[in-house]
Amino acid sequence: LFGALAIYLCLPLLAVSLYSVATRWTDHVLPDGFTLEHWIETFSSGRVIAAFATSISLGIWTTVLVLLLTVPAVYLARTRTPRMRGLLETAAVIPFALPFVVIGFALLQFTGVVAPRLQGTYPLLVLAYVAISFPFAFWAIDGAMVAADVRRLSEVAAACGATQWQTIRLVVLPNIRSGITTAALLVFALAIGEFAVVRMLAASVQTIPAWSAAAMNES
């Protein structure tokens, strides 16, 4: 079962990889020839390098901010303020219930009234990415905290004389590393691959998806 699933997931990636190094690909199973010319031409372009750097920086900033917001919030909801959990779950459901375009339009309208200078800028894009990627981080981290039973771990650490910071740093974080890793990967992948929000909120910011769309239109 896992072998079949791996083949199913890897075949599209393999096809795209082969197509990127193919001279022509007509009626054969494999390309008619192979070349690195497409890769060389792409990465010799300054636009591509700039778009790649922008996408990576967006992914890093979004991941860091989401983790800094989500981990403490979920920890407090699980250990000290259970009422806060309902609010977090509601916030985590909204991006699943609403299309990203709707969220982007709402942010556009909101910033137009509150902070017009923020429109069309890189920071607004980061804030939008944080909003739409929060659910992915929340459910991954929340699941890891449930599995680790952070409430009991915190109580035991406090009984042993640990401070709040020592409990979080030495007890909680090591036990939810898998959840943090999963959340970081999901958020980063979403941030570097999102296109609709970029086009709506900051069309002047060139990311890899935006560059790919522009290249397809030019060709």
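Y75, R78 and T79 in helix α3 meet V150, R151 and S154 in helix α7. Meeting here is contact, defined as heavy atoms within 4.5 Å. Helices (H or I, at least four residues) and strands (E, at least two) are DSSP runs, numbered from the N terminus. By class, the contact of α3 with α7 has two nonpolar, two polar and two charged residues. Ala, Val, Leu, Ile, Met, Phe, Trp, Tyr, Cys and Pro count as nonpolar; Asp, Glu, Lys and Arg count as charged; the others, Gly among them, count as polar. The model is predicted, with local features needing pLDDT of at least 70 and side-chain atom pairs pLDDT 80 or more, while totals for chains, interfaces and linings use all residues. Residues are numbered from 1 along each chain as its sequence is written, and side-chain values use heavy atoms, without hydrogens and water.

The axes of α3 and α7 (residues 150–159) come within 9 Å and cross at roughly 80°. Axes are lines fitted to C-alpha atoms, for helices over the stretch in contact, and angles run from 0 to 180 degrees between N-to-C directions. The two helices are therefore roughly perpendicular (65 to 115 degrees).

Helix α3 (residues 46–79) also holds T54. T54 counts as buried because its relative accessibility is 19%. Buried means under 20% relative accessible area and exposed over 50%, with partly exposed in between (1.4 Å probe, protein chains only). Leaving aside neighbours within four places in sequence, T54 is in contact with Y122, V205, Q206 and T207. In helix α4 lies L87. L87 counts as exposed because its relative accessibility is 64%.

The largest nonpolar core has 41 residues. Such a core is a set of buried Ala, Val, Leu, Ile, Met, Phe, Trp, Tyr and Cys residues joined through side-chain atoms within 4.5 Å. L125, Y129, I132, I141, M145, I176 and V197 touch the most other members. Two or more residues each come from α3, α4 (83–97), α5 (100–114), α6 (122–148), α9 (177–193) and α10 (196–201). The largest share, 15 residues, comes from α6. Not counting residues up to four places away in sequence, I176 touches V71, A144, M145, A148 and V150. In soluble globular proteins, nonpolar side chains tend to be buried together.

The protein as a whole has 11 helices and zero strands. Buried residues make up 33% of its 219 residues. Its C-alpha trace spans about 70 × 50 × 30 Å along the principal axes. Among contacts between residues at least 6 apart in sequence, 70% join residues at least 24 apart.

Note on methods: Parallel < 35°, antiparallel > 145°, perpendicular 65-115°, else oblique.
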